[in-house]
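Here is a short briefing to read alongside the model. Please have a look at the fold, then follow the topics below.

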Amino acid sequence: MKDAIAAQEPENTRPEWLRIPSAIKIFGISRTKLYELIGQRKIKSVSLRERGQIRGTRLLSYDSMMEYLDQLAEKQQNG
C-alpha cells in the first residue's frame, strides 16, 4: 500500500516547512546559524507549542531559506 501512495507523488516534491534537523541536512547550515537567522528574521519560522508547555516544534519555511540563500549568493556575485 505504501508503494502505491509513493507512486502517486511526484518525485521532485519538497516540503513547505522543515524541522530543524531536516533543514540542517538539506541546506548544510548548523543549528546555531539557523537559530541566528531566525532571530534576525532573515528566514521565516513558526513554533508549534501548546499553551503552558515549555517545549514545542520549530518549523522553518523552505521558501524563505531558498530566498535567503539566493539573496546571499547574488550579493556575493555582485560584490
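The buried residues of α4 are covered by elements that include β1, α2, α3 and β3. Those buried residues are Tyr62, Ser64, Met65 and Tyr68, where buried means under 20% relative accessible area, exposed over 50% and partly exposed in between, with a 1.4 Å probe and protein chains only. Please keep in mind that this is a predicted model, in which local features need pLDDT of at least 70 and side-chain atom pairs count only at pLDDT 80 or more, while totals for chains, interfaces and linings use all residues. Residues are numbered from 1 along each chain as its sequence is written, and side-chain values use heavy atoms, with hydrogens and water left out.

**Overall layout**
- The protein has 4 helices and 3 strands, taken as DSSP runs numbered from the N terminus (helices H or I, at least four residues; strands E, at least two).
- Along the sequence they follow the pattern α-β-α-α-β-β-α.
- Of the 79 residues in the protein, 20% are buried.

**The helix α4**
- The 17 residues of α4 should span 24 Å at 1.5 Å a residue, and its end C-alpha atoms are 24 Å apart, which agrees; the expected span is 1.5 Å times one less than the number of residues.
- α4 lies across β1 and β3, at about 50 degrees to β3; axes are lines fitted to C-alpha atoms, for helices over the stretch in contact, and angles run from 0 to 180 degrees between N-to-C directions.
- Just after α4, glycine 79 has a positive phi of about 80 degrees.

**The nonpolar core**
- The largest nonpolar core has 13 residues, of which Ala23, Phe27, Leu34, Ile43, Leu60 and Met65 touch the most other members; such a core is a set of buried Ala, Val, Leu, Ile, Met, Phe, Trp, Tyr and Cys residues joined through side-chain atoms within 4.5 Å.
- At least two residues of this core come from each of α2 (20-27), α3 (31-39) and α4 (62-78).
- Beyond its neighbours within four places in sequence, phenylalanine 27 is in contact (heavy atoms within 4.5 Å) with Leu18, Tyr62, Met65, Met66 and Leu69.

**The sheet**
- The 3 strands form an open sheet in the order β1-β3-β2, with antiparallel pairing; two strands pair if DSSP finds at least two bridges between them.
- β1 (17-19) and β2 (45-48) stand at the edges with a single partner strand each, so one side of each is left without a neighbour in the sheet.
- β2 pairs with β3 (residues 57-61) over 4 bridges, and serine 45 has leucine 60 as its bridge partner in β3.
- α2 also lies across β1 and β3, running at about 100 degrees to β1.
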